[in-house]
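Thanks for coming. I will take a few minutes on one model, so please have the structure open on your screens.

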Amino acid sequence: MSLLRVEDLHRHLGEGDTRCHALRGVSFTIEPGRTYAIAGHSGSGKSTLLYLIGLLDIPDAGSIWVGDRETSRLTDDERTAVRNEHMGFVFQFHFLLKEFTALENVMLPMRKLGRLSEEAMRAKAADLLGAVGLGDKTRRLGTQLSGGEQQRVAIARALANDPGLILADEPTGNLDHANADRVFALLSDIAHQRGQALLMVSHNPELAHRCDHVFRMQDGVILP
Amino acid sequence: MSPALLIALRFLGARKRAMLMSLTGIVFGVAFFVITQAQTAGFEAYFIKTILGVNGMVRIEDRIQSTRAMTATEGSSFAIAVEGSVKYIPGVQHAKAVTDALKGFPEVTAASPVIRGNATLIANFREYDTKPYGIDLGTFLNVSDLETQIIDGSMKAFGESPYALIVGSRIAKRMNLQVGDSVLLDGAGEPQRFRVAAVFETGIDQVDRERVYLHLPAIRTLLNKPTGASFIQLNLLDPELAPALAPRIQEALGHSTMAWQEREKTWLQVFSVLRISSALTISTIIFISGLGMFNTLVMIVVDKTREIAILRSMGYTRADISRIFMLQGGIVVALGVTLGCAAAALGTYTLSHIPIRIRGIFASDHFVVLWDPWHYVAAAVIATVVVLIASYFPSRRAARLEPGAVIRGSSS
């Protein structure tokens, strides 16, 4: 069974005269342990697709299957629960909670899931930060880390509940070349090593080509 | 600790100064609310204690005679009841029979007949109009606090002499009377000599400047009233029983009977209005603090829009987000109520030790306060309701944020 299946997805954006058909029947599948890029020009529907897959938006038509569960008609709370358990997000900006340390930021999704004890959560968060090269900065606040380090904390946070799917929206868009390269390599390695799928929206063709598969989008459809 | 509580605690620091101002307002609001209530309720309770100690819980006075008449057509069985007015015959003519009948009311713990009249007190070449009260000392002490109102002389001296007199403090001052002085009382045209055995002070100006106590046999002679009583003063198991009991006694015994609540209605209403007025005034401090809390939370919601969106993306539900902001209000109000109640207790204690001479409706040489846990409960409830309402709207706004729209807006 595929990790994610998208079938004939449609989405309109805007109201009245500005209303446009942003996604026009998109279908594809995502397999575990592989990396995918969604590439295309601005306005091609990349981010719209990513947010629909991430259950942060609702399609006008079509279906999104996470495992064997169709999610497009779930309630808000049900979609939120699916996000918590099966998805991890990395955005262009790290969005760390500045009142929390790196360790505490990584623990936030685990606290919500509520499956681990406090000690187990701490240990796991420390391991994840170690895996992204921040084992010695677990007690630092987000504001005490560099841009690249903050994004790596965000990656560790996305991995907190061992999600099957990591969704990344321009994860390197706000980083310099060296840091961008490092962050992508980290995401790619983790996805391959842990059997997780990475679906990344990127303007960067070089990074997109380093993925196992590239979906090219234009005018709301995936090009063959 | 729940994740919502943890996040709420951390977010509280986001607007420290504004949050501290709201907290301070709640502390002061709760403290002032309790202190003013303790003070007004304290004065009211002390007034009630004083008035019960002077005039008793219930008084049985004039006999009621119904003037209802039946008119009928002569030679016919047809009759019409005509509602007439009632007629009051002054005093209690058969005081002993009424007192015996009161034994059928278990709420009544003591009853004492009193004869009241008017007499001129003559001493030191001066005359003074007084209202002598003839009492049966043995029973009257069970329906009044006369014994504790003595400020000079002794009750023992009064009890030992049939022609002893207890005078009000204002009379003693006005007539320059000392314990042991001899005075004349002229009630029915034949002045009689009495000796001042004691001076009493109730703090009620009108009582202290016109009332003198004599023995019942002495006043009968003075006022030429060989039988009956002006009224019978009662003591009950509980002062709060009086309003229900008085009509029953009136119905059963046929005498006008008045509870202290009815008798002192005017003053009780004054105290009630004062208490409500001060509660409303002080509550505005809490309301303003609630408004401050509302503003602070709205600012935090605006500041934390992206954080709320990321929390939603990682699995926090709308209810979780709402809870985070409601908890912030809850934490502030819990802290504010705790500190406010502590400050209130300290303030009430300090106030009760501030010296102030009060005479007029009661006698006190310091502020009178009432320690009532319900004042604290009321303040806590008002503060909690105000702050939770103030927190509800920002929390709802936070919960309604669409994470996708916020994150895309931030990224673009």
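Strands β6(A) and β7(A) run parallel and are joined by four bridges. Helices here (H or I, at least four residues) and strands (E, at least two) are DSSP runs, numbered from the N terminus, and two strands pair if DSSP finds at least two bridges between them.

Before going on, the ground rules. This is a predicted model, in which local features need pLDDT of at least 70 and side-chain atom pairs count only at pLDDT 80 or more, while totals for chains, interfaces and linings use all residues. Residues are numbered from 1 along each chain as its sequence is written, chains are lettered from A and ligands numbered from 1 in the order in which they are written, and side-chain values use heavy atoms, with hydrogens and water left out.

Back to the sheet. In chain A, six strands make an open sheet, ordered β6-β7-β8-β3-β9-β10, with mixed pairing. At its edges stand β6 (87–90) and β10 (221–222) of chain A, each with a single partner strand, so one side of each has no neighbour in the sheet. Helix α6 (residues 177–194) of chain A packs on this sheet, touching β3 (35–40), β6, β7 and β8 (197–201) of chain A. Contact means heavy atoms within 4.5 Å. The direction of α6 makes about 150 degrees with that of β8(A); axes are lines fitted to C-alpha atoms, for helices over the stretch in contact, and angles run from 0 to 180 degrees between N-to-C directions.

Next, a helix pair. The axes of α3 (residues 102–113) and α5 (residues 147–158), both of chain A, come within 8 Å and cross at roughly 30 degrees. That makes α3(A) roughly parallel to α5(A), a label for angles under 35 degrees. On the α3(A) side the contact is made by A:A102, A:N105, A:V106 and A:P109, and on the α5(A) side by A:V153, A:A156 and A:R157.

Most residues other than glycine have a negative phi. A:D162 is not a glycine, yet has a positive phi of about 50 degrees; A:D162 sits in the loop between α5 and β7 (165–169) of chain A. B:N176, also not a glycine, has a positive phi of about 55 degrees, and lies in the loop between α7 (169–175) and β10 (182–186) of chain B.

Note on methods. Angles under 35 degrees count as roughly parallel, over 145 as roughly antiparallel, 65 to 115 as roughly perpendicular and the rest as oblique.
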